[in-house]
Amino acid sequence: MFFNCLLDGMHTIKEGKQGTVICISTQVIEAGVDISFEMVIRFMAGMDSIVQAAGRCNRNHESDSIRPVYMINCMDENLNYLHDIQRGKDATIQLLYEYEQFPGKFDSEVSSKKAIDTYYRYLYQAMRKLKGYQDNLIPNKSYTVFSLLSRNEKMPGKEYQLLKQAFRLAGKYFSIFGDDTLDVIVPYKKGKEIIADLCSENVELNPMELLREARNYTVTLYPYQKKALESRNAIIRMSNNLDVYCLAEGFYEPDTGVVFDEQKNGYLRV
């Protein structure tokens, strides 16, 4: 069987007369998606993410028996650029090691309140080494996003106001993904047509409509990914006044996504 992940982060494969469903997903599955499976297999991450993924196993009690949830510690997984996920994974591994030694300490349930409290203790202990990490430090400023949303003591004139928070300024400096990412349209299915239209005279007719369609065929690149692709001339800026970028042909695989290395990534067959 061929497993492939689509741009939306979730893909299902059905087979057989009984309609067996296999879902391969990114973290989008943790966002309260109301679906249920007989089994969940997840890469090691923070316990908060693992518990959310486990919530998709036997969610509606289709089975009277307990259904399995597996955590896989992928030895060659590279999380060098995903620091939050790495810290969560490290804290989970610490918890699991302690749980293996003293299960009774956690009421013999790895998702018990005692276990989750221990996980967060490990997680926050690691964060203490990063001064001001949870406050969202603002480069070259004496205040943080957290301070702007709390007492906001660094801003002049606030001592005379009842509400001291600087919501607009905090919103200006806070970004979930960061401003240094780049969105590129990939040559996948209709994405090829959209790229061609954006580079042709058709873009003059209705550019906003084309850009709306392009969202379904757009991926976000982090700086290190952008640098790797630019070194191979794989990122192309459209030949018009729109600030839009696309991925060159040959740098996107339907089964594995963006190709960053000279050697194409393999995919899983079972």
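Predicted model: local features only at pLDDT ≥ 70, side-chain atom pairs only at ≥ 80, totals over all residues.

Student: Okay, then how do the residues lining the second largest pocket divide into nonpolar, polar and charged?
Tutor: Eleven of the lining residues are nonpolar, four are polar and two are charged.

Student: What volume does the second largest pocket have?
Tutor: The volume of the second largest pocket is about 370 Å³.

Student: And which residues lie nearest its centre?
Tutor: Those are A54, V69, E109, V110 and S111, out of a lining of 17 residues.

Student: Which element gives the largest share of that lining?
Tutor: Helix α1 does, with four residues. Both α1 (47-54) and β4 (69-72) supply at least two residues each.

Student: Let's stay with α1. At what angle does α1 pack with α3?
Tutor: The angle is about 145°, and the axes of α1 and α3 (residues 113-127) are 10 Å apart. On the α1 side, the contact is made by M47, D48 and V51, while α3 brings I116, Y119 and Y120. Five residues of this contact are nonpolar, none is polar and one is charged.

Student: New topic: sheets! What is the order of strands in the open sheet of four strands?
Tutor: The order is β6-β5-β8-β7, and the pairing is mixed. At the edges sit β6 and β7 (235-237), each of which pairs on one side only. On average, neighbouring strands of this sheet are turned by 40° against each other, ignoring direction.

Student: What does pairing rest on?
Tutor: Strands of a sheet pair through backbone hydrogen bonds, either parallel or antiparallel.

Student: So do β5 and β6 run parallel or antiparallel?
Tutor: They run antiparallel, with four bridges joining β5 (residues 182-185) to β6 (residues 218-221). Within this pair, V184 stands opposite V219, and I185 stands opposite T218.

Student: And how many bridges join β5 to β8?
Tutor: Two, and here the strands run parallel. V184 turns up again, with Y245 as its bridge partner in β8.

Student: Which helix packs on the sheet?
Tutor: Helix α8 (residues 223-230) does, touching β5, β6, β7 and β8. Its direction makes about 105° with that of β6.

Conventions:
Residues numbered from 1 in each chain as written. Heavy atoms only, no water. Pairing = 2+ DSSP bridges. 1 Å grid on protein atoms, 1.4 Å probe; cavity = no way out; pocket = protein on both sides within 12 Å on 5 of 7 lines; lining within 4 Å. Points joined across faces, edges and corners; volume = space filled by probe spheres on them. Nonpolar A, V, L, I, M, F, W, Y, C, P; charged D, E, K, R; others polar. Axes fitted to C-alpha atoms, helices over the stretch in contact; angles between N-to-C directions. Contact = heavy atoms within 4.5 Å.
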